[in-house]
Amino acid sequence: MIIGSKILFFENLPSTNTKAAILLKSNELPEGTVICTNYQLAGRGQKGNKWESENGKNLLISIVLFPSKIIPSDQFYISMVVSLGISDFVKRYIQVCRIKWPNDIYVNNDKIAGLLIENSIMGDQVENSIAGIGLNINQDKFLSDAPNPVSLKIITGINFDLTTCLNQLVSDLDKRYKQLIAGEYEQIKEDYVSQLFRLNELHNYSDKNGIFKGKIKSVTDYGRLQIERGNGLINDYSFKDVEFIL
Ligand code: BTN
């Protein structure tokens with residue numbers, strides 16, 4: 001296996017992504033090293049948000065990757081395979097799981113996992129990639145003002161063994177990462193798009209011009225979201241340029 005070749009556990013950390021970046025500078029980590037912790041004092045989310053996770057209840061991990069064959073313009077494929085690996089894990093326990101573009105993992109209208117991928121680009125290569133995953137497993141109540149968090153336990157009523165979940169997640173991520181290394185780009189994109197939250201459904205979104213109705217059709221290779229408007233025209237959006245109205 002690549003992902004999970006080495007697992008480093010820390011009782012608590014400021015952030016597993018930050019720890020992975022520090023270790024990368026000072027150590028020779030094998031590709032696929034997983035840094036995990038029970039508790040983060042400064043867990044980081046997308047758009048500068050904090051990531052809430054009760055001590056010892058959820059999976060908080062960062063994976064160190066060296067995707068040397070991935071050119072920077074294809075870096076969204078890293079995001080796609082990690083999202084798919086998490087979704088494969090969730091589907092072990094829950095029938096339907098969706099990926100809310102670009103990489104939130106959703107069950108129904110609620111967010112069960114978030115992903116913070118930090119790539120380091122050197123010339124025409126992705127030198128390394130730190131894929132940080134917060135996956136809610138056993139937390140019963142969320143206190144932050146995040147709009148719609150949920151956990152496996154809230155959905156199923158079952159209390160899960162975190163070590164078993166970690167091993168399963170790592171194995172699911174490893175399979176997906178190997179698809180990327182094997183160059184199965186078309187299959188990865190097809191799987192990713194087919195699992196998109198709100199694919200081909202008419203919903204409200206907002207952009208710099210206000211709220212509009214549209215249907216998600218696909219993503220570009222660069223990871224831009226393609227939304228079809230009423231007039232049949234498709235607009236491509238980057239992450240900061242469009243909001244889902246939930
Ligand atoms: C999001 O905002 O949806 C992304 C959340 C990512 C949280 C995870 S928890 C493990 C890793 N370490 C961090 O500080 N953040 C990521």
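**Ground rules.** I am working with a predicted model, where local features need pLDDT of at least 70, side-chain atom pairs count only at pLDDT 80 or more, and totals for chains, interfaces and linings use all residues. Residues are numbered from 1 along each chain as its sequence is written, and side-chain values use heavy atoms, with hydrogens and water left out.

I asked which residues come nearest to the ligand. Of the 20 residues around the ligand, they are Ser 15, Gln 40, Arg 44, Gln 46 and Lys 111; to be near, a residue needs a heavy atom within 4 Å.

**Ligand, polar atoms.** I then looked at polar pairs. The side chain of Lys 111 puts a polar atom 2.6 Å from a ligand oxygen. For Ser 15, a side-chain N or O atom is 2.8 Å from an oxygen of the ligand. Gln 40 has a polar side-chain atom 2.9 Å from a ligand nitrogen. On its own the ligand has 420 Å² of accessible area, and the protein covers 98% of that (Shrake-Rupley method, 1.4 Å probe).

I found that the ligand takes up the space of the largest pocket. A pocket here is an open set of points on a 1 Å grid over the protein atoms alone, where a 1.4 Å probe fits, with protein on both sides within 12 Å along at least five of seven lines; a molecule sits in one if more than half of its atoms lie within 2 Å of its grid points. Two or more shell residues each come from α1 (16-26), β3 (59-65), β6 (110-122) and β7 (125-135). Helices (H or I, at least four residues) and strands (E, at least two) are DSSP runs, numbered from the N terminus. The largest share, four residues, belongs to β6.

**Gln 226.** I located Gln 226 in strand β10 (residues 225-229). Its side chain makes a polar contact with that of Asp 236, at 3.1 Å (N or O atoms within 3.5 Å, within protein one able to donate a hydrogen and the other to accept it; residues adjacent in sequence count only if both atoms are side-chain atoms).

I noted a cis peptide bond between Trp 101 and Pro 102, with omega about 0 degrees. Pro 102 is in the loop between β4 (98-100) and β5 (104-107). Lys 47, not a glycine, has a positive phi of about 55 degrees and is found in the loop between β2 (34-40) and β3.

Technical notes: 1 Å grid on protein atoms, 1.4 Å probe; cavity = no way out; pocket = protein on both sides within 12 Å on 5 of 7 lines; lining within 4 Å.
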